[in-house]
Amino acid sequence: MNPKPKFLATAIGSLPHNDPVKAVDVVLANIPEAPIWPQIPKLGLNEQMEVQYSEGMPCASMDREKGRMYFDTANDYSEAFAGFYEAYMAVTEAKAGAGDFSSMAISPTFSKGIYELERRLKAEGKKRPYVKVQTTGPLSFALTITDENKRAIYYNEEFRDVIIKALGMKCRWQIQKFKPYGEQIICFIDEPILSAFGSSTYVSVKREDVVAHLKEVIDAVHTEGGLAGIHCCGNTEWSILVDAGVDILNFDAFGFGETIGMYPQAMKELLERGGAIAWGVVPTSPAIREQTPEKLAAHFEKMADNLASKGIDKKMILEQAIITPSCGTGSLEVADGERVFQTLRAVSQLLRAKHGF
């Protein structure tokens, strides 16, 4: 990252509000250097984690009565796929800012937060240092969403390929939309399901495939000039993210702070190539009620010392650290969600003051 983030504060996507104006108020007040557009799951099915990114994908079907989305693979989808790949091929080689990704746009029907943040930033008439956008990752999307028979769509290779490419296009569309308002655009790929990688549930999901699928979306972000982050709110094999070429590794440092120390070579490689570790030290659970900025800053110091003890330069760890919540706040009470953001800002300020940033 350029410049080095030095305890920059940003956040994961979801907020617990039902009013996008109030959600953006919280964002701009607490993470002004790297605001996010808020995902607002309390507004209904369209703003749920995977569904929000399904718009425009061929054969995506909504069963609103049952509150689910699925892919219809039973009928002939050749024409729908041909149309998708025609649009994809038309933009796949486009240079940053030149491609038309409107076929994979996220409309106001599926995101109130995107358009409220855009409205507010446009009214300011200036650029923030960063703007952060996000998408559900290809693994979490395809292993969660099913076909009409409730089989994970990941195991249908044709649909899996379409989903990966569609998510990459959605990343590029978001980066283009917010480029006028940020010196750099960060795009997080949210992959909570990676915490189950290697379990018996997903034993047939191969490591090399995971790396390749993530890399394809990361490459889309890079093509558009964005910085690619991956968020996983549990423990996983962290070297996967580094091997996929991520710029920012975001993890739950409150609950799993020492786990990245198990992959010192990968963490060193990430930092030495100019990447950043985004430490999710602020809990996104009722535990936030018992925390203070001082406690969480001390927790970060302990985790950073643990990583430094593995042979990684402490100064590099500190200068290339980002501070985030451990996950999204969409499932919390509004008061707890707002406390997460207020605490996040305070932790960032404390650490910057302590280390002279």
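At 26% relative accessibility, R207 counts as partly exposed, a class that lies between buried (under 20% relative accessible area) and exposed (over 50%), with a 1.4 Å probe and protein chains only. The side chain of R207 meets that of E237 in a salt bridge (2.6 Å, N to O), defined as a side-chain nitrogen of Lys or Arg within 4 Å of a carboxyl oxygen of Asp or Glu. E237 lies in the loop between β7 and α7 (239-243) and R207 in helix α6, so the pair ties together parts 30 residues apart in sequence. Helices (H or I, at least four residues) and strands (E, at least two) are DSSP runs, numbered from the N terminus.

The model is predicted: local features need pLDDT of at least 70 and side-chain atom pairs pLDDT 80 or more, while totals for chains, interfaces and linings use all residues. Residues are numbered from 1 along each chain as its sequence is written, and side-chain values use heavy atoms, without hydrogens and water.

By the salt-bridge rule the count comes to 17. Among them, E118 pairs with K177, with the closest N and O atoms 3.2 Å apart. E118 belongs to helix α3 (residues 112-124) and K177 to helix α5 (residues 157-178), so this pair ties together parts 59 residues apart in sequence. E118 is buried, at 18% relative accessible area, and K177 is buried, also at 18%.

Seven strands form an open sheet in the order β1-β10-β9-β8-β7-β6-β4, with parallel pairing; two strands pair if DSSP finds at least two bridges between them. The edge strands, β1 (8-9) and β4 (128-136), each pair on one side only.
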